[in-house]
Amino acid sequence: MDAIKTDGLTKHYQVGFWRPRPYVALDSLSLSVATGEVFGFLGPNGAGKTTTLKLLMQLIYPTSGHAEILGSPVGDVAVKRRIGYLPENPYFYDNLTAEELLVYFARMFGYSAKDGRDRASRLLDDVGIGAERRFQLRKFSKGMVQRVGIAQALINEPELVFLDEPMSGLDPLGRREVRELILRLRDRGCTVFFSSHVLSDAEALCSRVAILAKGKLAAIGSLDELTSVGSRGWELVVAGLGGETLTRLKARIAQSTPLGDGRFSLTLPPSTIPEQLIPDLVSAGARIVSLNPLRGTLEDVFVEQVQATAADRFSKKVAS
Amino acid sequence: MRSIAIIAGGVFRDSIRDRIGYGLVFFSIMLMASSFLLAQLTAGQDVKIIKDLGLAAASGIGLFIATFFGIGLVTKEVERRSIYSVLSKPVTRTQFVIGKYLGLVLTLLINLSIMVAAFYAVLWYLDLTTVSSAKTAWEAPAMDPQMLKAFALIGVELMLITATAIFFSTFSSPFLSVALTFAVYVVGHFGEDLKNLNSIVKSMVLPFVAKGVYYVMPNLSALDVKSAVVHGLPVSGTSMLLATGSCLLYIATLLVGSVLIFSRRDLK
């Protein structure tokens with residue numbers, strides 16, 4: 001069963017006071033997240049990540065489309081018992097202590113005050129809040145509030161947890177602790193859906209990612225699929241290659257770099273299939289030294305997808 | 001019910017630690033205590049002044065807390081985004097609104113009880129330090145239990161003001177909500193005048209509009225028995241029950257309206 005499923009999820013806002021016009025915050029988002037996955041929801045600022053999370057939490061209502069969480073429509077109270085949510089830049093009640101806040105939330109899940117205190121204590125230990133747990137939240141720094149926010153999202157041992165920019169405001173140690181926490185959640189079978197624009201976090205944690213740009217889904221897949229073998233071409237090192245052969249095969253080679261001792265490093269574009277080029281090289285007397293795929297990083301994919309979406313929008317605007 | 005009680009408990013805990021709330025209650029107690037000194041300057045009117053000031057302080061401070069805290073209940077949660085964490089828990093928006101309302105009502109009633117205790121303490125001291133011959137000039141005894149009726153109706157009024165503040169805050173800005181809530185308070189206290197406007201104004205339209213407003217607005221003048229109890233006049237239980245019943249109905253309507261509006265609202 002899918003932990004999350006969205007189908008054509010769209011959200012328009014009205015902007016402008018005198019002449020209201022629709023602003024498309026999210027445009028026909030269709031995706032599914034399998035149970036047990038750590039799913040990264042990536043995109044630049046204003047891409048629609050938080051809008052999606054708000055729609056999934058039913059904090060806002062979709063203009064069109066439909067979403068399901070754990071097989072039930074969003075907003076179902078029974079489903080809310082099984083999920084956790086960390087909002088972006090969370091804010092809690094100033095006059096409560098961290099411990100009281102967590103007990104307050106635990107009681108909403110039906111835990112007794114004593115069980116709530118036990119759970120709160122354990123979770124605050126996990127997120128690195130020590131004696132400060134008895135301070136009122138007004139005295140907490142941004143990073144400490146973020147840690148409390150993570151703790152409250154896990155108060156009910158959720159099957160599925162939504163984390164909106166979980167690393168925001170954390171110091172390097174805190175980021176590392178949260179990464180370890182997410183991995184521990186994955187190990188106990190919890191599905192984690194987290195939004196971020198920090199790609200290194202996604203690369204370290206996610207089994208699959210989606211890239212959102214200007215409210216549209218630009219790419220989705222596993223890290224291997226997105227940075228797939230051969231998608232950026234190949235690097236072929238050959239020896240004994242004559243200048244004449246090089247000129248003849250120029251159209252199929254993106255770049256050639258002499259390495260010395262008669263060896264060349266040939267960069268092949270994705271359109272060139274190495275298995276078809278190699279026989280031609282061998283028949284021309286060349287010797288194959290090595291063949292390696294050129295792998296892109298998630299950052300490369302991210303930048304490409306975001307720029308492509310922006311260019312597509314611009315060309316559509318010009319055309320209209 | 002459990003979720004409503006938990007949310008109400010959260011509001012209560014949060015608001016009793018709010019320094020502004022403390023300050024206001026402290027201010028009202030000081031006002032009541034200082035009325036004792038003011039009363040010394042008058043001959044025979046001392047108990048009346050203390051009662052007038054005490055009841056006015058309880059009502060005024062309560063109105064201030066009910067309006068500003070009531071509006072903040074929803075708006076502050078939405079503006080500061082603390083509502084996101086709450087509504088992601090097994091809590092419906094209906095439970096959220098009702099829980100918030102009951103939490104503030106609980107705080108207000110406890111604040112009111114503290115003010116009543118302070119009020120009676122001042123009157124008890126006055127009673128203790130006044131010679132018997134001077135007491136004969138009093139319209140009603142200092143420790144008159146009738147005043148509890150006025151406090152009870154102030155409590156009902158504050159419950160209605162809180163519901164009004166929440167209702168307006170579900171769809172308008174905090175500033176507009178304050179203005180509208182105060183407008184309801186003022187117009188509500190002129191209920192009888194609005195109803196009988198045709199006997200004062202010679203116009204066809206105005207009395208008709210006034211009557212319409214009278215039927216839409218809560219009749220808060222029916223809850224105002226402060227003057228009667230200060231002068232030792234009787235306040236019938238039936239009129240109290242009728243006034244309370246109609247206000248409870250009005251509160252229920254406002255809360256249903258608040259829930260309906262808030263349930264459809266995007267929390268951006």
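Predicted model: local features only at pLDDT ≥ 70, side-chain atom pairs only at ≥ 80, totals over all residues.
Good morning. In chain B, helix 5 and helix 12 cross in a right-handed manner; a crossing is right-handed if the near helix is turned clockwise from the far one by less than a right angle, and left-handed if anticlockwise. Residues are numbered from 1 along each chain as its sequence is written, and chains are lettered from A and ligands numbered from 1 in the order in which they are written.

On confidence, the model has an ipTM of 0.80 and a pTM of 0.82. The average pLDDT of chain B is 85, and 96% of the residues score at least 70; pLDDT is the predictor's confidence in each residue, from 0 to 100.

Let me return to the helix pair in chain B. Helix 5 of chain B covers residues 93–129 and helix 12 of chain B residues 237–263; their axes come within 9 Å and cross at roughly 135°. That makes helix 5 of chain B oblique to helix 12 of chain B, where angles under 35 degrees count as roughly parallel, over 145 as roughly antiparallel, 65 to 115 as roughly perpendicular and the rest as oblique. Helices here are DSSP runs (H or I, at least four residues), numbered from the N terminus. Axes are lines fitted to C-alpha atoms, for helices over the stretch in contact, and angles run from 0 to 180 degrees between N-to-C directions.

From helix 5 of chain B, Arg93(B), Thr94(B), Val97(B), Ile98(B) and Tyr101(B) meet Leu255(B), Ser258(B), Val259(B), Phe262(B) and Ser263(B) of helix 12 of chain B. Contact requires C-beta atoms, placed from the backbone, to lie within 7 Å. By class, this contact of helix 5 with helix 12 of chain B has six nonpolar, three polar and one charged residue. Ala, Val, Leu, Ile, Met, Phe, Trp, Tyr, Cys and Pro count as nonpolar, Asp, Glu, Lys and Arg as charged, and the others, Gly among them, as polar.

Also in chain B, helix 7 (residues 147–169) and helix 8 (residues 174–189) cross at roughly 145°, their axes coming within 9 Å. This crossing of helix 7 and helix 8 of chain B is right-handed. Among the residues in contact are Ile161(B) and Phe168(B) of helix 7 of chain B, and Leu180(B) and Tyr185(B) of helix 8 of chain B.

Turning to chain A, helix 3 (residues 98–108) packs with helix 5 (residues 142–153) at an angle of about 25°, the axes being 10 Å apart. Helix 3 of chain A is therefore roughly parallel to helix 5 of chain A. Helix 3 of chain A contributes Ala98(A), Leu101(A), Leu102(A) and Phe105(A), and helix 5 of chain A contributes Val148(A), Ala151(A) and Gln152(A). Six of these residues are nonpolar, one is polar and none is charged.

Finally, the interface. In chain A, 21 residues are in contact with 21 residues of chain B. The largest share of the side of chain A that touches chain B, four residues, comes from helix 3 of chain A. That side of chain A divides into 16 nonpolar, two polar and three charged residues.

Methods: Helix = DSSP H or I, 4+ residues; strand = E, 2+ residues; numbered from the N terminus. Contact = placed C-beta atoms within 7 Å.
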